[in-house]
Amino acid sequence: MRKQYTRQEVIEIAKQQNVRYLRLQFTDLLGIVKNVEVPISQLEKALNNKIMFDGSSIEGFVRIEESDMYLYPDLSTWLIFPWHSADGKVARLICDIYMPDGTPFPGDPRGILKRALKDAERIGFTTMNVGPEPEFFLFKMDEHGNATTEVNDQGGYFDLAPVDLGENCRREIVLVLESLGFDIEASHHEVAPGQHEIDFKYTSALSAADNIMTFKLVVKTVARQFGLHATFMPKPLYGVNGSGMHCHQSLFREGVNAFYDEKDEMGLSQDARYYLAGILAHAKGYTAVTNPIVNSYKRLVPGYEAPCYIAWSGKNRSPLVRVPPARGLGTRLEIRSPDPAANPYLAIALMLRAGLDGIERKLTLPIPVNRNIYVMNEMERVRAGIHSLPASLREALDELANDEVMRDALGEHAYRHFYEAKMIEWDMFRSMVHPWEREQYLSLY
């Protein structure tokens, strides 16, 4: 649980710790962290919600004729970075975006998640817990400081130094995260060479999304100190596993896990089953958000442990959703399709709304699939009622456009701008001549 700082506490800590600069951070629609940095002399102005910025310059925000927007800091996100300039320390506050008339900006990703959480509260769920598992690659940089595709090790799953040459970098990332209040549960080399995972403890949905954005910033900053480039690109290398961001999630009512029922054979409550049914029913609709870039769909293919089929199981890891064995407070669902390129605020908001729709409409949960889906042929999958996730960004955008619940979860402003930006991305990819095409066709034809 994050500390709820008061205004006076923030002011006093800044003075005691010789903080000289304050970063007011927020996240744009595409999941890129932005910030307005001000000298600490502007701290009280910031705490009074008086810092303004030009929203027309931010992807998916507003037009130039309606550009003035205000940053409202969330004091529970106050932290001081462990690195600093020669002048002094740098602190940050994560902000919500508001319009000049004092109303929340409807296209603010953090605000979209807050709206989804209010929908959950409306039907009796006081807390959504989320445990994310973001993976990343470490690549060497060239003499100009640019990223290469040369990995810095040939390690495999759970390998140690000297095979895992990224171990020292990963250890430093963990130390920095712990200094910032993260509760780290595990840190290890992943399956692919150069691939790593650091798992931090679950927390409430909004805090989890904030933590993911902070995590990305720390990983990239520390990696650069080691002369490495960290990337959260889902599939940077062909022929090896891609990077996922599995999201463990559960709903609570006043401290009681609403997903647990000790009388059920799998320990799942009826609400958990309805929620899971909603996750499956809207899987195609939210995939454009949980897997938001062209490259995401290079990961969602058979053979590399990433889910590409819409099914669930309590026993194997090939379906979209797995039910981990923990029960009681630990009863949860693991949605395995999201990748770390996703905007975590939007991804969590849409998965939550999908699950809530399942609860509100009492959707019927399909039977679990305990076979390895990757070895089933198409006819077997059809007979089992197993559908595939979208195979491309364009297909995913079409599914989003046809899913009213997911569009409503985004809101009209965010949906329109997200869809337009991603269609431009798809058209650029579709019309580009790629190296693979020249390798295959230039001599042959």
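This is a predicted model: local features need pLDDT of at least 70, side-chain atom pairs count only at pLDDT 80 or more; totals for chains, interfaces and linings use all residues.
Me: How far apart are the end C-alpha atoms of helix α5, and what span should its residues give?
Reply: Helix α5 covers residues 205-225, and at 1.5 Å a residue its 21 residues should span 30 Å. The separation of its end C-alpha atoms agrees with that expectation, being likewise 30 Å.

Me: How many residues of α5 are buried?
Reply: Helix α5 is largely enclosed by the rest of the structure, because the buried residues number 16 of the 21. Just after this helix, glycine 227 takes a positive phi of about 75°. The count of buried residues in α5 is therefore 16.

Me: Is α7 parallel or oblique to α11?
Reply: Helix α7 (residues 283-290) packs against helix α11 (residues 393-401) with axes 7 Å apart and at an angle of about 125°. That angle makes the arrangement of α7 relative to α11 oblique.

Me: Which residues of α11 make the contact with α7?
Reply: On the α7 side the contact is made by Lys284, Gly285, Thr287 and Ala288. The residues of this contact divide into four nonpolar, two polar and two charged. From α11 the contributors are Ala396, Leu397, Glu399 and Leu400.

Me: What covers the buried residues of α13?
Reply: Helix α13 (residues 412-431) has 20 residues and reaches 28 Å from its first C-alpha to its last, close to the expected 28 Å. Its buried residues include His413, Tyr415, Phe418, Met423 and Trp426. Among the elements covering the buried residues of α13 are α3 (109-122), α7, α11 and α12 (404-410).

Note on methods
Residues are numbered from 1 along each chain as its sequence is written. Side-chain values use heavy atoms; hydrogens and water are left out. Helices (H or I, at least four residues) and strands (E, at least two) are DSSP runs, numbered from the N terminus. The expected span of a helix is 1.5 Å times one less than its number of residues. Buried means under 20% relative accessible area, exposed over 50%, partly exposed in between (1.4 Å probe, protein chains only). Axes are lines fitted to C-alpha atoms, for helices over the stretch in contact, and angles run from 0 to 180 degrees between N-to-C directions. Angles under 35 degrees count as roughly parallel, over 145 as roughly antiparallel, 65 to 115 as roughly perpendicular and the rest as oblique. Contact means heavy atoms within 4.5 Å. Ala, Val, Leu, Ile, Met, Phe, Trp, Tyr, Cys and Pro count as nonpolar, Asp, Glu, Lys and Arg as charged, and the others, Gly among them, as polar.
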